[in-house]
There are 2 protein chains.
Amino acid sequence: MNVTSKLTAAAERLFDRHGYMATGMDRLTEAAGISSRTLYKHAGSKAALMARVLTERDRRFMARIDVRTIDALFAALEDWVRVEGCRGCLFLRSRAETGGDTPEIAEAVALHKDAFHERVGEVVAMDLGREDPALAAQVVVLFEGATHAAVYRGADAVSAARAAAAVLLERARA
Amino acid sequence: MNVTSKLTAAAERLFDRHGYMATGMDRLTEAAGISSRTLYKHAGSKAALMARVLTERDRRFMARIDVRTIDALFAALEDWVRVEGCRGCLFLRSRAETGGDTPEIAEAVALHKDAFHERVGEVVAMDLGREDPALAAQVVVLFEGATHAAVYRGADAVSAARAAAAVLLERARA
DNA sequence: TGCAATGTAAAACGATCGTTTTACATTGCG
DNA sequence: CGCAATGTAAAACGATCGTTTTACATTGCA
């Protein structure tokens, strides 16, 4: 495992657990086992490191939701929550913590959310046999809601979203 | 308008726009038009101020969703988003920024989410004519999802949640 | 062999953090 | 009148912030 990926992984974990602003560079260097000079050579700045974390997380997340049905989409979220925990959407959190004023971060968030919405549209089209933008928008809302309600209601929130999505899909088929 | 409520209002606005950790005490004193000594006499500490902001926001929010139907619940959210903007749930954000390690904040968040869930249960019971905990959980997820999807999709996210909730309610009636 | 790259450890940078203190002005009420 | 409460302005507190720098060790390759 090279320096960059070790740093990125450590940063993602600390940002997720304690928040972006609350995580100082010294805790990052300590967790990654590198000096501050090496950190800045690889990351450039704290904002750039956060953007890199988001880009890497987007890759991992999108790979996880490479599915063919809406039900599998929520099953993937159940897995994600079980493995990665549930502390809300790290993308929206980064945007909120920076007030949307850091361009590199705001752009990474926008790219992720666009890609996610497009993926949901594709899954809906595969599952339903035709495109249905209205249903896709509802599934996005359910997914986002499950992610955030899981913070205080745990995996039950994902189950509720999964059941609701099944009803909406059934209705769209009729 | 007395000192305390002016401070609380200014703090809520700054915390919401720029994030909790990113908002320094000097910006709070400047926005509230008070000295730092007065701020600490009234608020005690930054964490206590944040908890007070959350308690006040809970009062205002719960008053807004004092409704009798599920549809009115999402209509109220549309109003809220139009008036207060959409930067995600300030309760979950405060919890995330502090890592859940500040008791006064974690407690205020838990109280709010419990009260919200109970209120949704009451609205579902009124609208449906009987209790339906499963439907209530789904409405909570839709509401939470609308709140957070609205950050990047605007009021359309609330409309989508509203339509989805109508379908779920219709299905529960049959 | 020797240079360039890549790393560490640690000090230092000015800035800003949350909070307290000092010194003084204003006001309301017995 | 006089005291207690409540406010402001501003300096100071030590700590920590993100970032850069200095000085030195290790490694890979021509």
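Select Arg171(B) and Glu170(A): they form a salt bridge, with the closest N and O atoms 2.7 Å apart. A salt bridge here is a side-chain nitrogen of Lys or Arg within 4 Å of a carboxyl oxygen of Asp or Glu. This is a predicted model, where local features need pLDDT of at least 70, side-chain atom pairs count only at pLDDT 80 or more, and totals for chains, interfaces and linings use all residues. Residues are numbered from 1 along each chain as its sequence is written, chains are lettered from A and ligands numbered from 1 in the order in which they are written, and side-chain values use heavy atoms, with hydrogens and water left out.

**Stop 1: where the chains meet**

Stay at the boundary of chain B and chain A. The count here is two salt bridges. Now color α1 (3–18), α6 (90–97), α7 (103–128), α8 (133–153) and α9 (155–173) of chain B. Each gives two or more residues to the side that touches chain A. Helices are DSSP runs (H or I, at least four residues), numbered from the N terminus. Which element of chain B gives the most to this side? It is α8(B), with 13 residues.

Color that side by class. You will find 19 nonpolar, seven polar and ten charged residues. Ala, Val, Leu, Ile, Met, Phe, Trp, Tyr, Cys and Pro count as nonpolar; Asp, Glu, Lys and Arg are charged; the others, Gly among them, are polar.

Next, select both sides. 36 residues of chain B are in contact with 36 residues of chain A (heavy atoms within 4.5 Å). The buried area is about 2,900 Å², and carbon and sulfur atoms give 68% of it. Buried area is the accessible area (1.4 Å probe) that two parts lose on being put together, summed over both.

**Stop 2: DNA strand D**

Move to DNA strand D. How many residues surround it? There are 18, and the closest are Arg37(A), Tyr40(A), Lys46(A), Ser35(B) and Thr38(B). A residue is near the strand if one of its heavy atoms lies within 4 Å of it. Show α3 (36–43) of chain B: α3(B) gives the most to this surface, with five residues.

- Ser35(B): an N or O atom in its side chain is 2.9 Å from a phosphate oxygen of DNA strand D.
- Ser36(A): an N or O atom in its side chain is 3.0 Å from a base oxygen.

Technical notes:
A polar contact is a pair of N or O atoms within 3.5 Å; within protein, one must be able to donate a hydrogen and the other to accept it, and residues adjacent in sequence count only if both atoms are side-chain atoms.
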